[in-house]
Amino acid sequence: FEDMSYWKQAQVGYQELVNAIIRPPRADYDDAHLGPKQFYFGKEKFQRTDFELRNERGMRFVCSHWEPMNRRAAELPCVIYMHGNSSARVEAVPQLSLCLALGATMFAFDFSGSGRSDGEYVSLGFFEREDLKVVVDFLRASERVSTIALWGRSMGAATALLHGDRDPSIAAMILDSPFADLTMLAEEMVDKGRESGLTVPGFVVSIAIRWIRSSVQKQAGFNINDLSPIAHADQCFIPALFVAGEGDDFIKHHHSQQIHEKYAGDKNLVIVEGDHNSPRPRFLFDSVTIFLQTYLQIPPDWSLPDADPYNNGYPPWQSGMHGFMGSSVARLDDVQMRMAGLDASFDDLNLGMTAERQHETQQALYNMLGAGGRVGNSPPADGPPGPEWACVMCTFINNGSSSACMACGTPKSQSAAAGDGGGAREGGGAGGGGDGG
């Protein structure tokens, strides 16, 4: 009974960890979180256009483009903002004041598998880069955009790095808290667990990562070994501003430092106070303003003279001489916000990898590894176990001595029959092949 409960804990942790990678909680938001369709910032009037695009997999993803109504030129610079995991395009709103104050436009979208877009799974950048390519191609064809910059946070920053080496036409990238390599990130979580008393051999970690790789490949169609933004860094020459939180305990700032060291293009690294999900300070917005103005080649006289790019963290429609739709106020008060239908608070959205979600991911890993070396790794009394086999129902990779799936209970015979005898996996070494089942 003890072993059963031990394995049950590992099985639950295994599925939770797979879900944390490919099916984290979706961000749920209302149109009100995106702000009004038209608003004033300073003395200029802006509009937001919402629409849908489709990626090469046929999935619909939702988009928003914020632009001035009185354009200084037919083609304007554009900043494409890309959100992190468990987030959505509303994450772009705190950065919107900066981009509009500069004289640029901003484009944001929900990655496939996130927010309101189609797709069952996310891929932490692997397929998201194809969504980004569709956006870039769309903007190029629109003849309304000149230079393009990418601004990504966490998964969005990883996506920018995975795309950047194949698109040198991008003018600049702001990369906030990218992970260098997903496997390395998982190993660091294990090290953190060891510091808290988790005892697990290195070979068990390798086996666990191989199990996860197999399930992710089968369910979501990508190999987690390909999620290595640092592998693209020495082939990318786009000017880049790296950002990391000094107190980030999830993707530690050395990930950004390592990518920065290997990066081939013009580069700078800024370490800021805060953690993975913290609002960024004013001095960073000042640095980003200079960076974007330089590399997007925005004329200085395009900047809004009476608009604060930082705006104290407020959206642009909550500041300026005219306020909402021309009313003469310094900032929208609570009554005006409710009348405008814009009183939705970002605090209730729970966007991104919050501290709670970070803890849940780490706990799932610990639960899985807590049993990973205990059952099935020692040869049984009657000889060594047979080859590992993948469950036909849930894709869990089982040790050869198991007669039923340790995750869902499906008999081994069903998997063998479904694979016509091919359900077993030969060569069970940590570096061996067999990402499928």
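Student: Which residues have the most contacts inside the largest nonpolar core?

Tutor: Ile80 and Met173 do, in a core of 68 residues. First, a caution. This is a predicted model: local features need pLDDT of at least 70, side-chain atom pairs count only at pLDDT 80 or more, and totals for chains, interfaces and linings use all residues. Residues are numbered from 1 along each chain as its sequence is written, and side-chain values use heavy atoms, with hydrogens and water left out.

Student: What makes a set of residues a nonpolar core?

Tutor: Its members are buried Ala, Val, Leu, Ile, Met, Phe, Trp, Tyr and Cys residues, joined through side-chain atoms within 4.5 Å. Buried means under 20% relative accessible area, exposed over 50%, and partly exposed in between (1.4 Å probe, protein chains only). The largest such set here has 68 residues. Helix 6 (residues 202–220) gives the most to this core, nine residues. Another core, of 46 residues, lies apart from it, and Ala88, Ala92, Leu102 and Ala104 are among its members.

Student: What is Met173 in contact with, leaving aside its neighbours within four places in sequence?

Tutor: Contact means heavy atoms within 4.5 Å. The partners of Met173 include Leu150, Leu161, Ile238, Tyr263 and Phe291.

Student: Why is helix 2 called largely enclosed?

Tutor: Helices (H or I, at least four residues) and strands (E, at least two) are DSSP runs, numbered from the N terminus. Helix 2 covers residues 93–102, and nine of its ten residues are buried, so the rest of the structure largely encloses it. Among the buried ones are Val93, Gln95, Cys99 and Leu102. After helix 2 comes Gly103, with a positive phi near 105°.

Student: How do you know how helix 2 is set against helix 9?

Tutor: Take their axes, which are lines fitted to C-alpha atoms, for helices over the stretch in contact, with angles from 0 to 180 degrees between N-to-C directions. The axes of helix 2 and helix 9 (residues 282–295) come within 10 Å and cross at roughly 40°. Angles under 35 degrees count as roughly parallel, over 145 as roughly antiparallel, 65 to 115 as roughly perpendicular and the rest as oblique. Therefore helix 2 is oblique to helix 9. Pro94, Gln95, Leu98 and Leu102 of helix 2 make the contact with Phe285, Val288, Thr289, Leu292 and Gln293 of helix 9.

Student: Which classes do the residues of that contact between helix 2 and helix 9 fall into?

Tutor: Six are nonpolar, three polar and none charged. Here Ala, Val, Leu, Ile, Met, Phe, Trp, Tyr, Cys and Pro count as nonpolar, Asp, Glu, Lys and Arg as charged, and the others, Gly among them, as polar.

Student: What makes helix 5 oblique to helix 6?

Tutor: Helix 5 (residues 182–195) packs on helix 6 at about 135°, with the axes 11 Å apart. That angle makes the pair oblique. Thr183, Glu187, Val190 and Arg194 in helix 5 meet Gly202, Val205 and Ile209 in helix 6. By class, this contact has three nonpolar, two polar and two charged residues.

Student: Why is Arg23 called partly exposed?

Tutor: Its relative accessibility is 22%, so Arg23 counts as partly exposed. Arg23 sits in the loop between helix 1 (2–22) and strand 1 (38–41). Arg23 and Tyr121 are 98 residues apart in sequence, and 5.2 Å apart in space, C-alpha to C-alpha.

Student: What about Asp249?

Tutor: At 35% relative accessibility, Asp249 also counts as partly exposed. Asp249 belongs to the loop between strand 8 (240–245) and helix 8 (254–262). Beyond its neighbours within four places in sequence, Asp249 is in contact with Lys192 and Gln362.
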